[in-house]
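Here is a short report on one protein model. Please look over the sequence and the fold before reading on.

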Amino acid sequence: MFEVKIADQTYALERKADQLFINGSPFQADVQRLDAQHFHILAATQSYRIEVRALNRLEKTAQLLINGKPLSVEIATEMDLLLKKMGIQSQNTQAVSHLKAPMPGLVVDILVKEGDTIEKGEPLLILEAMKMENALKAPIKATIKAIKVEKRQNVEKGAVLIEFEN
């Protein structure tokens, strides 16, 4: 069983034998996989062209293009649902208290300041490593508690760059 969240709607998907059920009702469709990212689905006389634009297995999200319209999808597995029911957080939702340097490099730019409220995925700082600039992004939605580095500072791998308040 899976739970799929699209916009503000949540759907329960379950496969029994060769039959797919959505919210307990059988779902009949002809699914053709065109290649790794493209599918064609014919369901209830409706035709859907689907392109998987991005798939993040760690965060269990997907960015789709359905008949040319963008759509964000969140996926919860049976294990995720069980952990949620038991009140246990899964690994990818644990609290994050800081951003560490993923590699040694030079801090080229700091895009936030202490006290800023940031969204998950928002660029926080630019780290130059091996002559390439890398935008380090927020792993969570939080408030910047402290910035532990300055522009033009060299940092080692694992150095704490920014601390968060959750």
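## A surface patch

Which residues form a nonpolar patch on the surface? They are Met79, Leu82 and Met86, with about 320 Å² of accessible area together. The model is predicted. Met79 belongs to helix 1, residues 78-86. Met79 is exposed, at a relative accessible area of 52%.

Strand 13 spans residues 123-129 and is mostly covered. Five of its seven residues are buried.

Strand 13 pairs with strand 11 (residues 105-110) through four bridges, and the two run antiparallel. Here Leu106 stands opposite Glu128. Strand 14 (residues 132-137) is also antiparallel to strand 13, with six bridges between them. In that pairing, Ile126 faces Ala135. Strands 13 and 14 form a hairpin with two residues between them. Met130 sits in the turn and has a positive phi of about 50 degrees.

## Salt bridges

The count of salt bridges comes to six. One of them joins the side chains of Lys151 and Asp109 at 3.2 Å, N to O. Lys151 lies in the loop between strands 15 and 16 and Asp109 in strand 11, so this pair ties together parts 42 residues apart in sequence. Asp109 is partly exposed, at 25% relative accessible area.

Lys141 and Glu119 also meet in a salt bridge, at 3.8 Å, N to O. This pair links distant parts of the chain, 22 residues apart: Lys141 is in the loop between strands 14 and 15, Glu119 in the loop between strands 12 and 13. Lys141 is exposed at 57% relative accessible area, while Glu119 is partly exposed at 42%.

Terms used
Residues are numbered from 1 along each chain as its sequence is written. This is a predicted model: local features need pLDDT of at least 70, side-chain atom pairs count only at pLDDT 80 or more; totals for chains, interfaces and linings use all residues. Side-chain values use heavy atoms; hydrogens and water are left out. Patches are made of residues with over 30% relative accessible area and no salt bridge: like charges are joined within 9 Å, nonpolar side chains (Val, Leu, Ile, Met, Phe, Trp, Tyr) within 5 Å. Accessible areas come from the Shrake-Rupley method with a 1.4 Å probe; for residues, only the protein chains shown count as cover. A salt bridge is a side-chain nitrogen of Lys or Arg within 4 Å of a carboxyl oxygen of Asp or Glu. Buried means under 20% relative accessible area, exposed over 50%, partly exposed in between (1.4 Å probe, protein chains only). Two strands pair if DSSP finds at least two bridges between them.
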